Amino acid sequence: MTALADIDLSKGGFWAAPYADRAAAFEVLRREKPFAFFAEPRVMWARPGPGFYAVTRYADVVEASRRPDDFSNAEVVMVFERPPESVEFFDSMINMDDPRHARLRRIVSRAFTPSMIERLDGQIRRVAAEIVDDLLERRTCDFVTEVAERLPLTIICRMMGVPQSRHRFVAERTNIILGAGDSEYTPDENQAATILTAAAELAGMVRELAAERVEAPGDDLTSKLVNANIDGEKLSARELGSFFGILMQAGNETTRTAISHGLLLLTGHPDQKRLWAGDFERHAATATEEIVRLASPIIYMRRTATRDCELNGHRFNQGDKLLLYYWSANRDETVFDDPDRFDITRAPNPHLGFGAPGPHHCLGAHLARSEVTAIFRELLARAPGIHATAEPDRLRSNFLNGIKHLSCSLS
């Protein structure tokens with residue numbers, strides 16, 4: 001895929017290709033056609049659209065993100081047009097512009113301040129230790145389902161007050177929603193019904209939880225959001241449901257993906273693994289950022305031109321779709337020296353793994369960093385021999401750089 005004419009981001013085969021081939025193709029796009037236009041991928045449960053522009057250079061992704069008046073986030077974050085019946089479950093603040101977005105972000109941002117995450121840090125470390133305790137007994141496991149998924153799922157569910165008995169339910173429904181297009185989670189027949197049912201079940205669980213917390217408040221985030229006004233405002237039941245959906249999708253899946261890629265990277269670069277294990281705290285911050293950069297869990301986010309405008313010399317018309325490819329921007333050779341190299345000491349590292357600067361920069365970035373750091377602190381100290389033993393079973397997706405399964409061993 002190193003010839004421009006051979007690159008087609010709308011084809012499933014492109015996203016199933018090896019990572020190195022994908023990286024080479026994006027390097028060609030950045031150099032030769034940074035605003036390439038592609039037909040939209042065919043999705044049986046979504047309305048067909050007119051196509052999209054692939055924004056692949058770092059500077060262009062950042063500039064578009066800083067201009068919400070020109071490039072709106074008020075549509076679905078993925079390339080396709082969402083079915084009308086999906087709005088009830090997916091109309092979250094990630095699909096909003098100001099002032100609606102600013103209002104919701106102001107309310108929920110109190111849960112993600114650095115001081116709040118610092119208070120959570122002890123709990124994150126305890127859960128990470130419990131996970132490694134179990135791993136030491138088993139010696140082998142599916143790293144994704146038993147390590148990488150378990151930590152963020154447990155933390156977010158505990159934050160929201162979801163009982164332990166419902167954690168597996170939440171994980172399974174989230175996998176269905178985010179695994180759209182992958183037959184392991186959504187069979188080809190009735191994809192739309194499967195996804196909407198999973199979303200409705202999650203929303204129903206959150207409504208039940210909210211009703212319980214109104215009657216009997218606890219010390220969890222759900223209780224705070226349904227019982228206390230923040231700056232004179234609080235979330236409606238529907239807004240709470242969509243917020244929980246974003247927490248599970250953005251907070252669970254993306255961290256799971258970063259941790260999974262982290263093991264792959266450390267397995268493939270034993271020198272970097274030894275360096276980090278030799279002085280974990282010294283390298284923890286830069287190593288975590290480098291894992292997130294190369295993992296780029298969210299491959300792209302969509303923007304829609306609100307009017308005829310220009311972006312770094314390219315003209316766009318009102319209604320044009322732009323996909324901001326973070327995965328490509330994080331390998332832009334004009335920003336990152338030797339961008340495909342895994343270097344846990346890389347600094348500075350202004351990656352866009354948590355989104356670009358602007359109103360939609362990831363609220364949960366501090367939480368994700370804390371979780372990635374905590375699990376590798378435990379693994380490198382107590383299970384230093386851990387390594388992947390097979391190629392990853394990758395999620396079939398052009399939106400999430402997910403890994404479904406990854407066999408690992410401690411020896």
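This is a predicted model: local features need pLDDT of at least 70, side-chain atom pairs count only at pLDDT 80 or more; totals for chains, interfaces and linings use all residues.
Two strands count as paired if DSSP finds at least two bridges between them.

Ala388 has Cys408 in E12 as its bridge partner. In general, the strands of a sheet pair through backbone hydrogen bonds, in either a parallel or an antiparallel manner.

## The chain as a whole

The secondary structure of the protein chain consists of 16 helices and 12 strands. Of the 411 residues in the chain, 57% are buried. Among contacts with a separation of 6 or more, 70% are between residues 24 or more positions apart.

## Aromatic pairs

A pair of aromatic rings is described by the distance of the centres and the angle of the planes. The count for this model comes to 16 aromatic pairs. In one of them, the ring centres of Trp15 and Phe26 lie 6.1 Å apart and the planes meet at 50 degrees, so this pair is tilted. The pair links distant parts of the chain, with Trp15 in helix H1 (residues 12-16) and Phe26 in helix H2 (residues 19-32), 11 residues apart. Trp15 and Phe26 are both buried.

Tyr300 and Tyr325 form another tilted aromatic pair, at 5.6 Å centre to centre and with 55 degrees between the planes. Here too distant parts of the chain are linked: Tyr300 belongs to strand E5 (residues 300-305) and Tyr325 to strand E8 (residues 321-325), 25 residues apart. Tyr300 has 1% relative accessibility and therefore counts as buried, and Tyr325 is likewise buried at 1% relative accessibility. The residues of both pairs belong to one aromatic cluster, made up of Phe14, Trp15, Phe26, Tyr300, Tyr325, Trp327 and Phe399.

## Charges over rings

Trp327, a member of the aromatic cluster, has the charged end of Arg331 over its ring, 3.6 Å from the ring centre. The charged end of Arg166 sits over the ring of Phe169, at 4.3 Å from its centre.

## Arg377 in helix H16

Arg377 is located in helix H16 (residues 365-382). The cut-off for a buried residue is under 20% relative accessible area; Arg377 has 16% relative accessibility and so counts as buried.

The side chain of Arg377 makes a polar contact of 2.8 Å with the side chain of Glu281. Apart from its neighbours within four places in sequence, Arg377 is in contact with Arg125, Phe280 and Glu281.

## The two sides of helix H13

Helix H13 (residues 270-278) has Gln272, Lys273 and Trp276 buried. Viewed down the axis of H13, the buried residues fall within an arc of 100 degrees, so they line one face of the helix. Arg274 and Gly278 are exposed on the other side of H13.

An α-helix has 3.6 residues a turn, so residues three or four places apart point the same way.

Methods: Residues are numbered from 1 along each chain as its sequence is written. Side-chain values use heavy atoms; hydrogens and water are left out. Rings of Phe, Tyr and Trp (its six-membered ring) pair if their centres lie within 6.5 Å; planes under 30 degrees apart count as stacked, over 60 as edge-to-face and the rest as tilted. Helices (H or I, at least four residues) and strands (E, at least two) are DSSP runs, numbered from the N terminus. Buried means under 20% relative accessible area, exposed over 50%, partly exposed in between (1.4 Å probe, protein chains only). A charge sits over a ring if NZ of Lys or CZ of Arg is within 6 Å of the ring centre and within 35 degrees of the ring normal. A polar contact is a pair of N or O atoms within 3.5 Å; within protein, one must be able to donate a hydrogen and the other to accept it, and residues adjacent in sequence count only if both atoms are side-chain atoms. Contact means heavy atoms within 4.5 Å. The arc is that of the directions from the helix axis to the C-beta atoms.
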